[in-house]
Amino acid sequence: MGNIVLKQVVKRFGEAEVIPPLDLEINDGEFVVFVGPSGCGKSTLLRLIAGLEDVTEGTIEIDGKEVTYAPPAQRGLAMVFQSYALYPHMSVRKNIAFPLKMAGVAQEEIDKKVEHAASILNLANYIDKRPGNLSGGQRQRVAIGRAIVREPSAFLFDEPLSNLDASLRVNMRQEITDLHRELDTTMVYVTHDQVEAMTMADKIVVLHAGVIEQVGSPLELYREPRNRFVAGFIGSPKMNFIEGPAAEKHKAHSIGVRPEHFEVVKKGGDFKGVVLSAEHLGSDTFLRVKMDDGQEILARGSGDVVVNYGDTVALKVEGKIYKFDDQGLAI
Amino acid sequence: MATDHSKRLARWMLAPSVVALLIWMIVPLAATIYYSLFRYNIQRPDTFEFWGFKNYSYFVTDPAFWISLMNTSLIVFGVIIISIVGGTLLGILMNKEFYGRGIARLMVIGPFFIMPSVAALIWKHMFMNSENGLFAIMSKLVGAEPILFLNDYPLASIIVIVAWQWLAFATLILLTALQSLDQEQMEAAEMDGASALSRFRYLTVPHLMRPITIIILIETIFLLAIFAEIFVTTSGGPGNASTNLPWIIYKVGRQSFDAGGAAAGGIIAVVFANIFAIILMKVLGKNLDG
């Protein structure tokens with residue numbers, strides 16, 4: 001079980017309202033990702049669920065039980081911190097055993113569970129080392145191991161991959177996804193990286209200034225963004241927003257086209273402009289194009305498009321055009 | 001900095017200061033050893049003669065010597081225990097947010113900036129005086145007989161006075177150490193179900209072991225040589241009740257004018273301090289490496 005329900009949760013730090021009234025339901029076994037730019041309140045929201053911050057107003061329920069004022073340890077959750085927060089004076093074995101020891105579990109039971117966690121996460125080779133002697137990825141595994149042994153009803157991850165280098169991040173991303181499949185436990189994951197959100201989540205919660213902008217599966221958010229913020233945040237590279245006459249033609253205040261939905265054509269096309277830069281990656285070509293009215297567009301062409309700086313190109317839209325009104329809401 | 005050339009150069013560059021330090025240390029030590037082997041009373045220079053180890057045997061057989069060794073150790077241990085236990089508690093308190101924390105921190109650290117003789121006089125006259133001292137007034141308020149601290153508990157009183165000064169030092173060091181304790185670790189432990197006491201035991205205490213070791217080593221150096229506090233309060237008495245090693249050397253040298261005896265006492269103090277240091281490093285040294 002791992003069902004988390006937030007009802008009208010508000011968090012204020014003094015005068016500042018970090019999270020205005022917010023409702024959210026996380027279902028058992030789901031992999032939910034909170035994503036948003038830094039300072040959007042996603043970490044605060046996670047800490048409210050964990051019980052590391054007090055809720056100002058509203059209620060939090062876990063598995064149907066109200067835990068709004070319960071201390072962290074009694075919520076049955078485990079958390080992996082951004083800094084891993086390993087205990088530096090204990091070996092890996094003792095780090096993983098710590099929550100069990102605190103719960104008063106018998107030593108044999110502890111040994112068995114630690115061995116099990118270590119084998120799942122390939123920790124056996126350095127189980128007696130201290131965290132200071134481990135690499136970033138190994139520390140990350142130890143932190144996850146410490147969370148696993150408690151058999152929590154849900155895992156909370158607070159930007160766990162942000163201290164790893166790019167290639168390791170991709171590996172760990174995969175490992176966490178595999179782990180989720182294996183354990184089938186609710187996971188709540190906070191990140192500012194929309195790629196992590198897209199690749200890992202069952203359900204993405206996009207946050208902006210403490211407000212939930214949209215909740216949905218990765219493809220839902222990609223295909224049907226509710227407003228300009230979500231449209232711009234989900235997808236990489238970012239969606240292009242075009243205003244002025246081109247938008248008015250579609251009866252919108254602004255229109256959005258994803259870079260991958262352009263096609264570079266010889267003649268005609270919907271937009272025309274001068275190439276500011278062309279990045280030839282082999283598989284793709286990214287073109288930064290400046291239109292006659294001064295607006296810039298990023299377009300992704302196929303790898304065999306040959307254009308250079310200063311060339312004039314025409315772009316044809318081969319995909320959806322997103323339309324937004326003057327409030328930024330999707331039409 | 002690893003080629004042979006640079007290493008050789010480094011040795012040459014270091015040589016002058018090594019030599020200077022060696023002379024700085026060797027000359028007084030040699031002079032002390034030299035005088036400790038002679039009968040040498042400053043008031044009667046005519047009796048100057050070679051005595052071998054007689055000065056040492058006189059010094060060691062003085063009943064006050066063993067008492068002074070005991071008292072020296074008691075001062076060191078007593079002050080270290082009080083300053084570390086008290087410093088940890090005060091450090092934790094000062095690390096919490098409360099109104100007026102800045103001023104409170106300053107006041108806690110204050111005693112360290114007061115000169116030892118002044119601190120001892122403050123305690124002697126303002127707190128421990130049996131007529132007008134604060135403690136005497138408090139005793140009278142509850143109808144009890146004032147305690148004669150410096151007469152009845154001379155060594156304990158001196159330990160309290162010295163500990164008062166070093167408590168500030170320990171608090172300062174431990175407070176800065178507590179500030180560097182990772183809060184995410186604390187939160188992780190909280191989520192792991194560790195009570196406040198367990199968090200203190202499994203996270204705070206191990207984190208403080210290194211600063212505590214440093215406090216012990218630094219305080220030991222200074223506490224072995226406590227003198228001013230005894231000088232202005234008990235003068236080592238009553239009897240030898242508050243006599244420590246520096247005081248007994250002072251007595252031999254300046255009150256009996258026995259330079260040879262005092263030199264022998266000085267050498268014994270050096271040996272004693274080294275034994276102390278070796279034991280400390282054996283017991284605590286491992287806390288200092290990573």
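What share of the contacts in chain A with a separation of 6 or more comes from residues 24 or more positions apart? Hi everyone, the answer is 63%, where a contact means heavy atoms within 4.5 Å.

Before we go on, some ground rules. This is a predicted model, where local features need pLDDT of at least 70 and side-chain atom pairs count only at pLDDT 80 or more, while totals for chains, interfaces and linings use all residues. Residues are numbered from 1 along each chain as its sequence is written, chains are lettered from A and ligands numbered from 1 in the order in which they are written, and side-chain values use heavy atoms, with hydrogens and water left out.

Let's stay with chain A. Along the principal axes, its C-alpha atoms fill a box of roughly 75 × 45 × 30 Å. The chain has nine helices and 18 strands; these are DSSP runs numbered from the N terminus, with helices being H or I of at least four residues and strands being E of at least two. Of its 331 residues, 50% are buried. For burial we use relative accessible area: under 20% is buried, over 50% is exposed, and in between is partly exposed, with a 1.4 Å probe and protein chains only.

Now, the place where the two chains meet. Chain A brings 22 residues to the contact and chain B brings 16 residues. Between them, about 1,700 Å² is buried, and carbon and sulfur atoms give 61% of that. Buried area here is the accessible area (1.4 Å probe) that two parts lose on being put together, summed over both. A:Tyr87, A:His89 and A:Met102 supply 28% of what chain A buries against chain B, more than any other three residues.

How many salt bridges does the rule find across this interface? There are three, each being a side-chain nitrogen of Lys or Arg within 4 Å of a carboxyl oxygen of Asp or Glu. One of them pairs A:Arg47 with B:Glu187, whose closest N and O atoms are 2.6 Å apart. On chain A's side, helix H1 (42–50), strand E6 (77–80) and helix H2 (92–102) each supply at least two residues that touch chain B. The largest share, four residues, comes from H2(A).

A:Tyr87 has another neighbour to show you: A:Arg146 lies over the face of its ring, 4.5 Å from the ring centre. We count a charge over a ring if NZ of Lys or CZ of Arg is within 6 Å of the ring centre and within 35 degrees of the ring normal. Likewise, A:Arg258 sits over the face of A:Tyr222, at 4.1 Å from the ring centre.

Next, rings with rings. Rings of Phe, Tyr and Trp (its six-membered ring) pair if their centres lie within 6.5 Å; planes under 30 degrees apart are stacked, over 60 edge-to-face, and the rest tilted. That gives 34 aromatic pairs over all chains. Take B:Phe53 and B:Tyr56: their centres are 5.6 Å apart and their planes are at 50°, so the pair is tilted. B:Phe53 is exposed at 61% relative accessible area, whereas B:Tyr56 is buried at 15%.

Most residues other than glycine have a negative phi, and most peptide bonds are trans. A:Asn122, though not a glycine, has a positive phi of about 55°. You'll find A:Asn122 in the loop between helix H3 (107–120) and helix H4 (136–148) of chain A. The peptide bond from A:Ser236 to A:Pro237 is cis, with omega near -5°.
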